[in-house]
Structure formats: C-alpha cells, structure tokens
Amino acid sequence: MSGEFAVVGTRIAQPDGPAKATGEAVFAGDVRLPGMLIGKVLRSPYANALVRSIDISGAAALPGVVCVLTPDDVTDWNTFDRGMKDMPLIAGGYRIPPEEAVVNRHPRHFGDAVAAVAAVSEHVAEQALALLAVEYEQLPFVLDPEEAIKPGAPQVSPEAPGNIGKHLTYPFPSGDVEQALAEADVVVEGSFRTPKQEHCTQETAASVAYVDSAGRLNVYSQCQLAHLARRELAHIFKMPVHKVKVLTPFIGGSFGQRGSLCAEPLAAALALTSRRPVRLVFSREDHFTSLESRTGFKRVTVKMGFKRDGTLTAIKTDMLGFLGAYMACGPMASVIGMSLVMGLYRCDNRAGEADMVMTNTPPSGAMRGFGNEVMSFAVEQLMDEAAERLGMDPVELRLMNAKHQGDVAPFGLNLESTYLEDCLRLGGRAFGWRPKAEITSAAVEKGVAETKGGPRVRRGVGMCAMNHCSGAAPLYLEHSNAIVKFNEDGSVNLTVHPAPVGSHIWGALSQICAEELGIRAEDVNIVTGDTDVTLFEYGSDASRSTYAIGGATKRAAQQAKEQLLAFAAEKLDAQVEDLEIRDGVVYVAQAPDRSCPVGDLCYDAIYSFGGHATNFAGKQSFEPEWNSPIYGAYFAEVEVDTLTGRVKVPRFVTAMDCGTAINPMSVEGQIEGGLQQGLGYALTENYAIDPQTGVVQTTNYDSYKVPGSMDMPESTVLIVDEPDPKGPFGAKGVGEPGMVGIAPAIANAIYDAVGVRMREVPITPEAILAALADQDRE
Amino acid sequence: MYRLLTPFDYFEPQSVREAVELLARFGHRARVIAGGTDLVISMKKRQLTPECLIALAGLEELRFIEFDPVAGLRLGPLCTHAEIARSPLVREHFGMLATACNEVGTPQVRNMGTIGGNLCKAGPSQDTPPPLVALEAKLRLLGPQGERVVPLDQFCTGPFCTVLSSDELVVEILIPPLPPGGAGCYKWFTKVTVTDETLAGAGVVVVRGPGDVCADVRIGLGSVAPMAIRARKAEALLRGNRPAPGLVWEAAERAAQEAEPRSRAAYRRHLVKVLVNEAITELWPLTADLPGGLG
C-alpha cells in the first residue's frame with residue numbers, strides 16, 4: 001500500500017535519534033538552573049494514618065535546608081485529581097473528586113506524601129527528611145476490595161460510601177443477555193484475576209519548577225498531557241492559566257503513567273515556597289509506592305453463550321477492580337476494557353458492570369491497554385474454551401464471529417475498516433498454525449526425562465484476537481492542533497505538542513507533514529514542548545498521537561500547501577488543480593519543463609517587494625469524532641516444564657492491522673516492546689503488598705521482575721498494511737495494542753501444552769504446579 | 001531505598017601485607033572493597049556505612065588461577081566471575097565452577113564481582129558456594145597472627161556471617177582435585193527471569209568406584225538454607241550403592257528434606273529434589289571409564 005507514498009511507509013531514522021544517542025537530549029532530570037535546589041519527599045510508612053504533628057525544627061535548622069513543606073503549609077492551595085480527566089463523556093460525564101493535596105495530613109496509603117523539603121544538595125535534603133519528626137495516629141485500613149465492600153469496613157474516602165469509588169456499566173449494552181444465555185447451546189464462563197502492574201519507565205518521574213521574575217510558574221513536566229497539566233497546576237496553585245508555563249523535555253518512557261501528574265505538584269509547591277528553582281526526581285521506590293500502576297482486578301467474571309454452529313450470541317461481564325486510595329484514572333479501565341473486548345466480535349446481547357473499589361493501597365491508573373488486557377485475558381481464554389467445546393479450531397471460531405466493515409465499532413461508531421481476518425490468516429500462516437489435534441501429536445518431541453507417561457517439557461500453541469482504539473472518541477475529549485509554517489528555504493516548522501515518550505512520534509508527524517507537502521521528512525522541524533508556543537493539545541494517550549495529532553498535522557499542512565500552490569499557480573501561469581509537489585519542487589502536470597522549487601516560492605513570498613508579502617502557514621484544530629479500531633492476532637508457542645512449572649515462550653507471532661504503517665520500523669518497535677511488557681504481565685511481574693500491613697513489598701527491580709532480553713521469544717511482527725479511511729494517510733494508532741494479547745495467547749498455549757486453564761496473572765511456576773496437581777486429582 | 005554514598009576514606013594498599021595492616025588498624029570501621037558489586041549496594045541502602053574502604057583492586061598477587069594434578073586448583077580471590085568462567089584450566093578440571101560463575105548476576109556483575117568478595121559476603125543465595133562446598137574447597141586466610149586454612153563449609157556461620165575476623169583477608173581458594181572416576185555439575189533454577197537470582201542451586205560431585213557403585217557423592221545446596229550446605233543424609237543414602245533411578249529419587253527427596261528454605265519453602269524444596277535428581281542422573285553415565293576427575 002505504501003507504494004503510492006513518497007515519505008509515508010519509509011523506515012526513516014528518527015529526528016530526535018542523534019540527540020538521544022549523543023546525550024544532547026535533555027530529560028527532566030538533566031535540567032540545571034542557577035541556584036537550583038533539590039527536593040525530597042517524606043512518605044507515610046502506614047497504610048492509613050493521621051499526621052498529628054510534624055516537628056520541623058531539626059530539619060529547618062540544618063544548614064542548606066531552604067524550605068520544608070508540611071500539611072499546614074499547603075492549606076491555601078486546592079486539592080486536585082492527579083488524573084486530570086474530569087471530562088469523559090460516558091457514564092453521565094462523571095467527575096473524579098479532587099481529594100489529594102500536595103502533601104497530605106491524612107495519608108491514605110503506604111507511600112502517600114506527608115512532607116517535602118528543598119535543600120542545596122541531595123545529601124542535605126536527605127538528612128533533612130531524616131530530621132523531620134512526625135507523630136502519626138494509625139488508623140484502621142483495608143487492602144482487599146472484597147473486604148472493602150463489606151459492611152463495617154474502614155472507609156477509604158468520604159467521597160466513596162461503602163468504598164465503591166465508581167459503579168460503572170458497559171456503555172453500549174444491547175439485547176437481553178440473560179435470555180440469550182438461557183437459550184445458548186454452549187455457555188462458557190470463568191472468573192479471572194489480574195494484578196497491578198508497574199509501568200517501569202526507564203526514566204523515573206522528575207520535574208523542575210521555578211518562578212520567574214514575571215511571577216510565572218515554569219514547570220518542566222513529563223506529563224503526556226501538557227496542556228491539561230498546565231490547567232491543573234494553575235488550579236492547584238490558584239493562578240490564572242497564563243501564569244503557568246509547562247515545558248515538555250524528552251521523556252524516558254511513560255506507558256500511561258505520565259498521563260497523570262507525578263512529581264509536578266510537589267516540585268512546583270517547593271519552588272513557589274522557596275522562590276528558588278527546585279528539581280525533584282522520584283526514586284524507583286517512590287514510583288512503586290506513590291504513582292499510579294495498572295488497575296488490578298480482584299475478580300472479572302465473564303459468561304459467553306454460543307449457538308451450536310459457533311455464533312456468539314451473548315456476553316456478560318462483572319468486574320471488581322481495586323482503585324487504591326485515590327480514584328484518579330483507575331475507574332475508566334473497566335469501561336475501556338468492557339467496550340473494547342465486548343466490541344471485538346459480532347454479538348447481539350451484551351451487558352456488563354463493574355465495581356471499582358477504593359482500598360488503602362497506592363492508586364491505580366492508566367497503563368498501556370487500559371483494561372483491554374484484563375478483559376482480553378478473560379474473554380480470549382473463554383473463546384478458546386468455547387472452540388474446544390464446539391469442536392472448532394480457535395482461529396475458525398474467531399473468523400466466524402469477526403466484525404466486518406459497516407458493523408458497529410467497539411465505541412459505538414460505524415466500523416469503517418477492519419482486517420482482523422487478514423491478521424488471523426497471515427499470522428496463522430507465518431506461525432504454522434494447524435488444527436489442535438495435529439499440533440498436539442507433533443508437539444511431543446522435547447523432554448529431558450519422561451514423567452507420568454509423557455515428556456517432562458510439553459510444548460503448546462495458543463492464539464487470540466484483539467482490537468484497540470486510535471484515540472478514545474467519543475469517550476474522552478479529542479482535540480488536537482497543529483501549525484505548519486513554511487520557511488524561506490522550503491522547509492517547514494511543524495508546531496505540535498505530543499509527548500516524546502519514545503514512541504517515535506516526532507518522526508511519524510514529520511513523515512505525515514512531509515507527505516502532504518511533497519517535501520522530505522528531514523525538512524520538517526518539530527517545534528514543541530512549550531505551552532506558550534504550542535496550541536492546545538489534549539496530548540498523547542489512548543494510542544492517539546499519530547492518528548489525531550497526525551490528523552491535525554495533515555490538515556494544517558494541507559492549508560499551508562493551498563497557499564503555496566495558489567502562489568505557484570500565478571507564478572507558473574497554471575491552474576492550481578494542475579500543480580503537484582514532488583521532492584520539494586512544484587510541477588505543472590503534463591508540462592514537466594514548467595516547475596519551481598518550493599524554496600524559491602517561499603523565498604519570493606517572504607522577501608516580496610510587490611505588496612503581496614506572505615508567509616505560507618496553516619493552522620488547524622482537529623477533533624476526531626471517530627476512532628478507527630486497530631485489529632490484531634497473536635500466536636504463542638510455549639514450553640511448560642511439568643516438573644518445575646516454569647513456562648518458556650520460545651516463539652511469538654503478532655499480526656497487526658494498524659492501517660497504513662507510517663514508519664514500519666516504529667510499528668515493529670511498538671509491537672515488540674508491547675510483547676516484552678505483555679510477557680512481564682503474563683509471567684513475571686508481581687506487584688506485592690503485605691496483606692498484614694499494607695506495605696508495598698516490591699519497590700525495586702530486585703523484587704519486581706521485568707523480563708529481559710534473555711526472556712524474550714523469537715518474535716515475528718507482521719503488518720497488515722491496509723489504509724483506514726479516516727486516519728492520516730490511512731494510519732491507525734499502534735501504541736498500546738502490542739501488550740494486550742500476550743497473556744491470553746500464552747494462557748491458551750499453556751492449556752494446549754498441559755491442559756490446565758490459568759485464570760490469574762502472573763502465571764507463576766507454583767501456580768502451574770498447583771494446577772497440574774489439581775488435574776491429577778480429578 | 002538506594003541513596004547517595006556517605007563520605008568515607010579510601011585506601012589503596014600496595015601489598016597484601018599493607019592491606020592486613022590497614023585492616024588491623026581500622027578493624028570494624030573499615031570494609032574491604034574488591035569488585036564492589038555487593039558492598040556499594042549495601043552502602044547505598046545504608047546497611048553498611050564504613051568509615052573507610054580498603055581497595056584491593058591493585059593487588060595483582062591476589063589474582064591468579066593455577067592448577068596442579070596433586071594440589072588441585074588455586075584461585076586468587078580477586079579473580080572475577082567472568083575470568084573464572086572463561087579460564088581454560090577451570091573449564092577443563094572444574095567445569096561446574098565455571099558454570100556457576102557464569103550464572104552469577106549479569107555480564108556487568110561478572111566482570112566486576114570477584115569470587116573472594118562473593119564468598120566473604122556469605123549471602124544465602126549465591127551461585128559459587130554450592131559447587132565449591134561439593135568440591136570441598138578451602139580458604140586460606142591471612143591476618144596479623146599469620147595464616148590459617150578453613151574448609152568452605154566451616155567458613156560461613158550463618159547468613160552474611162563468616163569466621164573471618166575484621167583484620168583477616170582471604171588470600172587463596174584451594175580446590176582439591178577430583179578422584180579418578182569423579183564428575184560434577186552445577187544445576188540451578190532462577191527466581192523469576194532468566195538472569196534473576198538463584199532460587200535453588202545444587203552443586204553435585206559423583207565418584208564411580210569399583211563394582212560400579214557410587215564410591216563417593218557430595219551434594220552442595222545453595223539458596224535453600226541460611227548458607228550453602230552439604231546434603232549429607234542424601235549423600236549417605238547413595239554412597240556405596242548403585243544409583244538406580246529409584247534410589248536417586250529417594251536421595252533427592254532426602255536432600256530436599258535437609259534444605260531449610262524460608263520464603264517459597266515448599267517450592268524450593270521441590271526444586272532441590274528436581275535439581276539433585278537431574279544432576280545425579282546426568283552425571284552417573286559420565287563417570288563410566290573416566291581416567292581422571294571431571295568436575
């Protein structure tokens with residue numbers, strides 16, 4: 001497909017690559033300002049407590065300590081919702097109560113901030129923290145969502161009676177689920193459990209803030225949603241929005257975590273109080289104990305009904321999620337997950353609900369997949385189970401129920417492009433997928449020692465299907481802006497504000513801009529990272545940057561191009577309709593001798609003495625009212641050691657219908673990164689909280705295990721390169737989907753290998769052995 | 001929580017003798033630093049806050065690998081795990097030690113961390129002690145009062161505790177040669193990921209004697225007790241007998257009972273059983289017609 005494009009579809013090097021490779025790129029923690037102080041945060045050692053008093057005399061007397069912030073010092077400021085997302089259009093436009101203070105008198109979870117210091121060095125700041133004498137009154141706490149909703153349980157928040165943070169229903173219900181289940185020929189059901197997962201960003205959260213001589217608060221922020229961060233910081237500190245300037249440096253990973261405010265409010269508060277620049281860099285321990293991690297679910301119960309021929313007739317879900325001590329972004333994980341997974345297949349009867357429960361644990365929030373991975377883990381295993389009971393191949397069952405163009409898309413819109421069938425067929429072919437009976441007989445080949453009449457190591461294969469969104473229309477605000485300005489040499493400046501979190505977004509936007517203008521991608525300069533300069537941008541989340549900011553970019557480029565061509569038409573004595581731009585030159589169709597370089601036209605327009613001086617520039621606001629779902633198929637091969645329970649994943653194939661791949665290299669990178677993150681979710685990452693105390697036990701990588709390169713399977717990524725009618729040059733979003741289908745595909749492969757259904761992630765060796773022992777007893 | 005290092009004095013002695021003198025002078029206020037891979041972490045976590053560090057890195061006299069058919073292998077404590085893992089001498093005569101050294105940490109840790117430092121740390125879940133106790137390694141210690149030689153299984157007295165006094169240095173690790181008909185291997189299982197810490201490790205030596213019986217067997221277990229231990233009851237079951245599959249399995253189960261793991265205890269015991277069974281089952285055929293030992 002990309003053959004028709006000059007720039008889109010090519011594997012360009014990233015414009016920000018050299019700066020990152022040489023170390024020139026500035027990340028938040030690299031920022032150094034004259035007179036800058038170092039901030040540090042004191043965190044509660046208890047799951048629920050009241051700060052009775054804080055004696056700051058020792059800390060304040062320590063030479064080099066400039067400022068100490070206690071709960072008494074922040075009462076003039078507003079409390080806030082770190083998730084900043086009080087605008088979902090579904091569920092009656094619900095609002096998240098702004099319950100959090102910069103530092104809290106009532107810390108509600110282990111790791112909640114209770115005080116902060118700013119000092120001349122990290123050493124002094126650390127010593128100052130140690131000198132803060134806090135008197136706590138410990139309060140009863142509740143950690144488990146099932147306990148939390150029982151009568152008489154300790155109340156986590158006054159905003160959540162009975163600890164129900166939000167009760168949410170599936171926004172697109174249809175039919176009569178109970179009747180359809182009663183009438184179904186085959187009903188499969190299961191209860192699943194998924195944990196919190198930490199984002200494990202390469203760079204930890206960091207912010208530098210200072211108040212300039214004009215009284216403006218300047219904040220270096222890693223927030224994915226810079227303009228929302230500006231609005232929220234202005235709200236917290238009771239300043240007009242124009243008095244806050246948010247600067248976006250390079251960001252060392254986010255995966256959804258920087259969709260919320262992290263270090264910014266504390267850094268800004270210390271800067272406002274000390275009147276000095278303050279740098280605050282969170283430790284890895286700060287991450288695990290105070291930032292949002294993936295929303296966990298204590299229980300996800302799913303029931304699905306099928307006709308004898310395999311037609312899916314009903315799907316019903318019930319979710320119990322844990323939000324932690326602040327609601328933030330967590331509740332929406334249920335709605336997004338239900339919407340995406342229940343919208344994956346044709347099904348007439350759908351209903352679902354979720355109780356999102358508050359507990360005295362660090363908050364939950366958005367992470368790559370945002371609920372889709374949870375529901376996929378449940379539903380795609382049940383699809384597998386249904387296929388077995390129906391005597392069908394799992395791929396065939398999914399093909400049979402797949403949605404087609406013209407069906408209703410997961411978020412209730414018209415589905416304009418889906419190539420799930422191509423994903424299933426191409427992926428299956430590359431993987432060597434065969435009906436189960438054949439695979440099982442061929443799989444019995446590897447094994448060190450014979451046990452229980454079979455090989456010790458059993459091989460299995462599994463697969464699953466997936467769809468995800470390109471942005472979150474119509475559930476969330478969708479509003480992007482771009483400015484395209486021609487320079488006098490024919491290059492352009494593209495002013496946009498995506499979050500440079502490592503997803504190659506600068507490259508993708510420069511390719512979209514260059515393609516539209518007929519120039520080279522390297523002639524597009526990205527101007528970004530300053531809310532004074534950029535127009536409003538909702539930001540980079542929900543796999544929307546290429547799709548939505550790319551859409552704004554294409555439209556702004558088109559507008560600038562129209563101005564250029566009108567000027568060129570006059571100069572070349574031709575009709576605008578007859579002009580085209582290739583390789584930076586404007587040509588007249590059928591008259592190749594009549595042409596003019598774009599640079600000459602721009603120069604003439606700018607350095608004009610004829611009264612027609614102009615600088616070609618386009619500015620477009622874009623509010624996508626649609627969302628083109630991306631489709632994918634995942635195929636996993638596993639080896640299960642029946643003696644130790646260890647699962648290895650030697651091979652993985654992912655086929656993705658991502659629309660036009662703007663840069664196939666970036667698409668492959670996203671999908672392989674997703675595979676690694678999904679592998680951790682499926683097998684290794686186990687966020688642990690002491691059930692007796694509420695203390696977070698996994699606070700660094702010695703106890704929290706992310707898979708490394710040695711754990712990675714041999715991976716094949718297939719791109720189904722078919723253009724979407726809505727996305728810029730046919731592109732869809734591809735940031736999140738990579739991780740979504742990993743756990744269900746692996747779980748299905750484990751079943752194929754050893755015949756046990758794993759209903760909980762991470763799938764540990766002990767859990768496998770326990771399941772095998774249960775199987776023996778049966 | 002990892003924090004900035006607190007200030008300390010730093011000494012670089014030019015000889016072992018000078019190092020011992022410095023140790024005698026500073027005693028408990030000092031710490032010896034070799035590769036620093038463990039010590040620096042402990043200091044960043046404030047588990048240790050030494051006033052001074054005595055750096056051994058420059059002492060070439062503590063960096064050697066020598067083999068003699070009678071005396072066996074002599075290892076300098078400053079040898080890094082990577083140096084031992086790739087040493088032709090170690091690989092030829094004590095492959096199980098090379099295997100274990102190659103399993104320590106990550107490439108960076110193996111290139112910096114030393115075997116002496118690893119043994120002196122005496123952590124419960126280290127990879128080098130299980131094969132070394134199975135090989136009946138000894139340590140030569142030097143202090144102001146002179147030298148003494150301590151068998152490795154008497155060197156550790158508990159988790160992170162050794163008989164080394166604050167003014168002593170480990171100056172040599174001695175591994176006696178395997179008897180004829182002897183073979184050994186190291187088997188391990190990591191906690192979660194491939195490059196993770198070891199959840200259970202077993203260094204096993206089997207010696208085939210006349211009559212095709214197990215003349216000797218030594219089973220060193222790591223990560224499943226406060227320190228590396230010998231599974232002597234399991235060894236006794238096998239010694240003098242033919243290691244038929246049933247008996248090997250029984251011995252493996254006995255070894256599992258001898259383990260005293262704390263966390264994930266049932267699973268670690270189970271792994272001991274699997275690893276010991278696997279090791280002996282693999283080793284026995286290798287010992288047939290062996291001219292000399294094969295570690």
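Visitor: Is A:T642 buried or exposed?
Guide: This is a predicted model, and the assignment rests on computed accessibility. A:T642 sits in the loop between strand 27 (630-641) and strand 28 (647-657) of chain A. Its relative accessible area is 10%, and the threshold for burial is under 20%. A:T642 is therefore buried.

Visitor: With which residue does A:R456 form a salt bridge?
Guide: The closest N and O atoms of this pair are 2.8 Å apart, and the cut-off for a salt bridge is 4 Å. The partner of A:R456 is in chain B, namely B:E278.

Visitor: How many salt bridges does the rule find across the interface of chain A and chain B?
Guide: The pair A:R456 and B:E278 is a salt bridge between the two chains. Over all chains, the count by this rule comes to 65. Across the interface of chain A and chain B, the number is 5.

Visitor: Which elements give two or more residues to the side of chain A that touches chain B, and how many residue pairs are in polar contact there?
Guide: The elements of chain A that meet this condition are helix 3 (122-131) and helix 20 (765-777). Counting pairs with both residues at pLDDT 80 or more, the residue pairs in polar contact across the interface number 11.

Visitor: What area do chain A and chain B bury between them?
Guide: The contact takes 20 residues from chain A and 22 residues from chain B. Carbon and sulfur atoms account for 58% of the buried area. The area itself is about 1,900 Å².

Visitor: Where does the salt bridge of A:D702 and B:K45 lie, and what is its N to O distance?
Guide: The pair crosses between chains, from the loop between helix 17 (664-684) and strand 29 (714-719) of chain A to the loop between helix 2 (39-44) and strand 3 (52-55) of chain B. A:D702 is partly exposed at 43% relative accessible area, and B:K45 is partly exposed at 26%. The side chains meet with an N to O distance of 3.4 Å.

Visitor: Which residue of chain A pairs with A:E178 in a salt bridge?
Guide: A:E178 belongs to helix 5 (residues 177-183), and its partner, 138 residues apart, belongs to strand 14 (residues 312-324). A:E178 is partly exposed at 46% relative accessibility. The closest N and O atoms are 2.9 Å apart, and the partner is A:K316.

Visitor: How many residues apart are A:R193 and A:E760?
Guide: The two form a salt bridge, with the closest N and O atoms 3.9 Å apart, within the 4 Å cut-off. A:R193 lies in strand 7 (residues 186-194), and A:E760 lies in the loop between helix 19 (742-754) and helix 20 of chain A. The pair links distant parts of the chain, and the separation is 567 residues.

Visitor: Why is helix 9 of chain A regarded as largely enclosed, and what covers its buried residues?
Guide: Helix 9 (residues 332-342) is largely enclosed by the rest of the structure because 11 of its 11 residues are buried. Among them are A:M332, A:I336 and A:M342. The cover includes strand 6 (164-169), strand 13 (296-306), strand 14, strand 15 (349-358), helix 10 (372-390) and strand 19 (457-468) of chain A.

Visitor: Which residue has a side chain in polar contact with that of A:S491?
Guide: A:S491 is found in the loop between strand 20 (480-486) and strand 21 (492-495) of chain A, and at 9% relative accessibility it counts as buried. Beyond its neighbours within four places in sequence, A:S491 contacts A:K485, A:F486, A:D523 and A:N525. The side-chain polar contact spans 2.7 Å, and the residue is A:D489.

Visitor: What accessible area does the nonpolar patch of A:Y603, A:Y607 and A:F609 have?
Guide: A:Y603 is placed in helix 16 (residues 598-606) of chain A. With 42% relative accessibility, A:Y603 counts as partly exposed. Together, the three residues of this surface patch have an accessible area of about 420 Å².

Definitions and conventions. Residues are numbered from 1 along each chain as its sequence is written. Chains are lettered from A and ligands numbered from 1 in the order in which they are written. This is a predicted model: local features need pLDDT of at least 70, side-chain atom pairs count only at pLDDT 80 or more; totals for chains, interfaces and linings use all residues. Side-chain values use heavy atoms; hydrogens and water are left out. Patches are made of residues with over 30% relative accessible area and no salt bridge: like charges are joined within 9 Å, nonpolar side chains (Val, Leu, Ile, Met, Phe, Trp, Tyr) within 5 Å. Accessible areas come from the Shrake-Rupley method with a 1.4 Å probe; for residues, only the protein chains shown count as cover. Helices (H or I, at least four residues) and strands (E, at least two) are DSSP runs, numbered from the N terminus. Buried means under 20% relative accessible area, exposed over 50%, partly exposed in between (1.4 Å probe, protein chains only). Contact means heavy atoms within 4.5 Å. Buried area is the accessible area (1.4 Å probe) that two parts lose on being put together, summed over both. A polar contact is a pair of N or O atoms within 3.5 Å; within protein, one must be able to donate a hydrogen and the other to accept it, and residues adjacent in sequence count only if both atoms are side-chain atoms.
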